[in-house]
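Try each task by eye before you read its solution.

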Protein chains: 2
Amino acid sequence: MSTLGLKLRELREQAGLSLRKAAMRTDIDVSILSKMERGERKFSKELVLKLAELYKANADKLVIDFLSEKVLYELEDEDFGLEALKVAEKQLKYKKDKDKK
Amino acid sequence: MSTLGLKLRELREQAGLSLRKAAMRTDIDVSILSKMERGERKFSKELVLKLAELYKANADKLVIDFLSEKVLYELEDEDFGLEALKVAEKQLKYKKDKDKK
DNA sequence: TATGTGTTGACTATTTTTGTCAAAGGTAAT
DNA sequence: ATTACCTTTGACAAAAATAGTCAACACATA
C-alpha cells in the first residue's frame, strides 16, 4: 500500500541500517518507525527529511511522495477525488502565477 | 479566501434564508455556519451535502470544491505542492483503472 | 422598544494524532 | 540454550486538533 514506506525501508536497507539504529539516529521510537515503514502510521514531514539526510537520498522527491500520500489519504473512498485534484491543481497554478507578480 | 464559503453564502441568500434559519434546518449552531461561510472554520462533508439539499444546488460540484479546498489546505506553503498533486493524480488514475477490472 | 440580521469570543467536549513502553517472536552465532 | 541482535505488536497516556455550545455584541429596521 504505502509507497513512501516501502521506499524508505529500501533506502534504509541500502544504507545498511537496522530499524533500531535508524530510529535512534532520528530521535524516534523504533516501534513508530516500524509502523511507518509498513504504512500503519503516517510519516511526518520532519521525519522524512531526517531520514532522507540519514540515507543520503533525494529529499525533494521523498517530500513530494509524502505530500502526495497525504493528499490521497484525504481522498480515499471519495467518488470525485480525481475531479477535486484537478480543481485543486488549477487553483494552485493560478495562485502561483499571482504570487509571481 | 474561501471559495466554498462564498458559494454557499450566495446560495443561501439566493434561497432567501437567513443564517439562523439555514443553521436550524441543518442542525448546526449559527455561529459555526457563520464562521464556515467566512472560511474561519472548515466545512464538513455532511454539512455541505445538507446545505446543497437545502439550497437545491448541485451537490457534486460543491463536494468537489469541498475536497479541493481540503487538499489545498494540506499543501499550503509547500514548495512542491503542484508536483505532489501531479503524483497523486497519477496514482489515483492508476488505482481507478485497476479497480475497474 | 422589539425583532431579525450576522459576528465574536470564551469555554467544554470529543476525536485524532503522537509518543512511550514492555514484551513477543524470529534468526543466527557461539 | 543463552546471548545478541532484529522487527513487530498492542496497551496505554499525553498532547494537539477539531467540533460543538452558549451568551452577548453591534447593527439595522419595523
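Predicted model: local features only at pLDDT ≥ 70, side-chain atom pairs only at ≥ 80, totals over all residues.

**Exercise 1.** Find which residues have the most contacts inside the largest nonpolar core, then list what Phe43(A) touches, leaving aside neighbours within four places in sequence.

*Solution.* Start with the core: it has 57 residues, and Phe43(A) and Phe43(B) have the most contacts inside it. Next, zoom in on Phe43(A). Its contacts include Leu4(A), Leu8(A), Met36(A), Val48(A), Leu51(A) and Phe66(A). Gly5(A) and Glu37(A) are in contact with Phe43(A) too. As background, nonpolar side chains in soluble globular proteins tend to be buried together.

**Exercise 2.** Work out how H1(B) and H5(B) run relative to each other, and what kinds of residues make up their contact.

*Solution.* First, look at the axes: H1 (residues 3-14) and H5 (residues 59-75) of chain B come within 9 Å and cross at roughly 150 degrees. Angles over 145 degrees count as roughly antiparallel, so that is how H1(B) and H5(B) lie. Now for the residues: Thr3(B), Leu4(B), Lys7(B), Leu8(B) and Leu11(B) of H1(B) meet Leu62(B), Asp65(B), Phe66(B) and Glu69(B) of H5(B). Sort the residues of this contact and you get 5 nonpolar, 1 polar and 3 charged.

**Exercise 3.** Find the buried residues of H3(B) and say where around the helix they sit.

*Solution.* Helix H3 of chain B spans residues 30-37, and its buried residues are Leu33(B), Ser34(B), Met36(B) and Glu37(B). Their arc around the axis is only 165 degrees, so they are on the same side of H3(B). What do the buried residues of H3(B) pack against? They pack against H1, H2 (19-25) and H4 (45-55) of chain B. Finally, check what follows H3(B): Gly39(B), with a positive phi near 75 degrees.

Definitions and conventions: Residues numbered from 1 in each chain as written. Chains lettered and ligands numbered in written order. Heavy atoms only, no water. Core = buried A, V, L, I, M, F, W, Y, C linked by side-chain atoms within 4.5 Å. Buried < 20%, exposed > 50% of the residue type's maximum accessible area, 1.4 Å probe, protein only. Contact = heavy atoms within 4.5 Å. Axes fitted to C-alpha atoms, helices over the stretch in contact; angles between N-to-C directions. Helix = DSSP H or I, 4+ residues; strand = E, 2+ residues; numbered from the N terminus. Parallel < 35°, antiparallel > 145°, perpendicular 65-115°, else oblique. Nonpolar A, V, L, I, M, F, W, Y, C, P; charged D, E, K, R; others polar. Arc of directions from axis to C-beta.
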